[in-house]
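Morning, everyone. Let me put the model on the screen, and then I'll walk you through it.

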Amino acid sequence: MKTVLVTGGAGFIGSALVRMLIAEGRHRVVTVDKLTYAGHLESLSEVMEAPTNRFERVDICDAAALRRVFAECDPWAVIHLAAESHVDRSIDAPAPFIETNVVGTGTLLAESLRYWRSLALERARDFRFVHVSTDEVFGTLGATGVFDEESAYAPRSPYAASKAGADHLVRAWQHTYGLPTIVVHASNNYGPFQFPDKLVPHMIQLAIAGRSLPVYGDGRHVRDWLYVDDHARALQMVLEGGIVGGSYNVAGGNERTNREMVESICHAVDAQLPDPGIIDRRALMTSVPDRPGHDFRYALDTSRIRRELGWVPRVDLDDGLHQTVAWQLQHQAWVAAVQSGHYDGERLGLIDGR
């Protein structure tokens, strides 16, 4: 069994990947996470005691701790998911995004290179570093068109800029030092275990409580939605078959405006938790001032990963939303626990409170 080191493994996407890798039984997993507000051991509860899982509470900015983990665990590959990832939070406080996403990625690359250079030739040829990025590094689209893997970078938020910086570092380590890296750009993820400050779990929680559902601006901004398990499966396929030095786009092919997305969430909650006082939760939707610098649309061309690796998304958006609502209804204790002391449902991303 080969060992895979997953950074950010107690976060939303990372924990989905860790659970999948351990359930399939073909890999040992070293889960590395700092356990910030968005990283929770509860997300790994079903695999924490698995003999093929090892958890390390480590900050990726801590070079000495990373060096120890590499030495003790001898990984075959790194899948790098550790990141600050909320655009609104990056507007409120950019510094942690620069620290984790740029400095942390640089530190992880340096320690990965040190480790890779210590390997025997055959092991070094087999090693992989998969870096997980976002569609937001490409900037914004108009009503038509898609980004492919060769699209120019044009990040427009502190979050997107920090991820673009990380991407450039990864490619520089591959080009300059030969470290075998692969970059993955993903569209908006949703699904179980997502911290409830993101749009889908946030709106589900507000809808369950019968509270107002705030929609930014005119609600016409477009995102492509990807179920988290489809993303985790793509990462595993890239790890095992992706071309070194290349990049892959991963998206669900589910473009919806923010308003349409909230309406779909309302339908899913209405179906599973009818409220005689609120026959249609869409009536709870209300427009609020837009996010500063809000990108209009993201969309990704996924033909490369489909053609080269045979990946296709399996979960339809409406089915995925119904599954996500059902999960949240069954895990209200988890939602309350992870929010406690970290997030009270307040509006984020306002400049000077406006």
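Arg233 and Asp230 are both buried, where buried means under 20% relative accessible area, exposed over 50%, and partly exposed in between (1.4 Å probe, protein chains only). Their side chains meet in a salt bridge, 2.8 Å from N to O. By salt bridge I mean a side-chain nitrogen of Lys or Arg within 4 Å of a carboxyl oxygen of Asp or Glu. Arg233 and Asp230 are three residues apart in helix 8, so about one helical turn separates them. Helices (H or I, at least four residues) and strands (E, at least two) are DSSP runs, numbered from the N terminus.

A word on the source. This is a predicted model: local features need pLDDT of at least 70, side-chain atom pairs count only at pLDDT 80 or more, and totals for chains, interfaces and linings use all residues. Residues are numbered from 1 along each chain as its sequence is written, and side-chain values use heavy atoms, with hydrogens and water left out.

Back to the charges. How many salt bridges are there by this rule? The count comes to 20. Some share partners: Arg54, Glu56, Arg68 and Glu72 are joined that way into one network.

Next, a link between distant parts of the chain. Arg291 forms a salt bridge with Asp88, and the closest N and O atoms are 2.7 Å apart. Arg291 sits in the loop between strand 12 (285-288) and helix 10, while Asp88 belongs to helix 3 (residues 87-92). That is 203 residues apart. Are these two buried or exposed? Arg291 counts as buried, at 16% relative accessibility. Asp88 also counts as buried, at 4%.

Now Lys34 and Asp59. Their side chains meet in a salt bridge at 3.5 Å, N to O. Lys34 is in the loop between strand 2 and strand 3, and Asp59 is in the loop between strand 3 and helix 2, so the pair ties together parts that are 25 residues apart in sequence. Lys34 is partly exposed, with a relative accessible area of 41%. Asp59 is partly exposed too, at 23%.

Stay with that loop between strand 2 (27-33) and strand 3 (53-57): Leu35 is there as well. Leu35 is not a glycine, yet its phi is positive, about 65 degrees. Glu49 has its place in the loop between strand 2 and strand 3 too. Glu49 is exposed, with a relative accessible area of 74%. From the C-alpha of Glu49 to that of Ser85 the separation is 28 Å, with the two residues 36 apart along the chain.

One further positive phi. Asp74, another residue other than glycine, has phi near 50 degrees. Asp74 lies in the loop between helix 2 (63-73) and strand 4. Its relative accessible area is 38%, partly exposed.

Last, the core. A nonpolar core is a set of buried Ala, Val, Leu, Ile, Met, Phe, Trp, Tyr and Cys residues joined through side-chain atoms within 4.5 Å. The largest one has 37 residues, and those with the most contacts inside it are Val6, Leu17, Ile79, Leu81, Val238 and Ile305. Elements that each supply at least two residues include strand 1 (2-7), strand 5 (128-134), helix 8 (228-241) and helix 10 (303-309). Which element gives the largest share? Helix 1 does, with eight residues.

Zoom in on Ile305. Setting aside neighbours within four places in sequence, Ile305 is in contact (heavy atoms within 4.5 Å) with Ala234, Val238, Tyr248, Asn249, Val250, Gly310 and Trp311.
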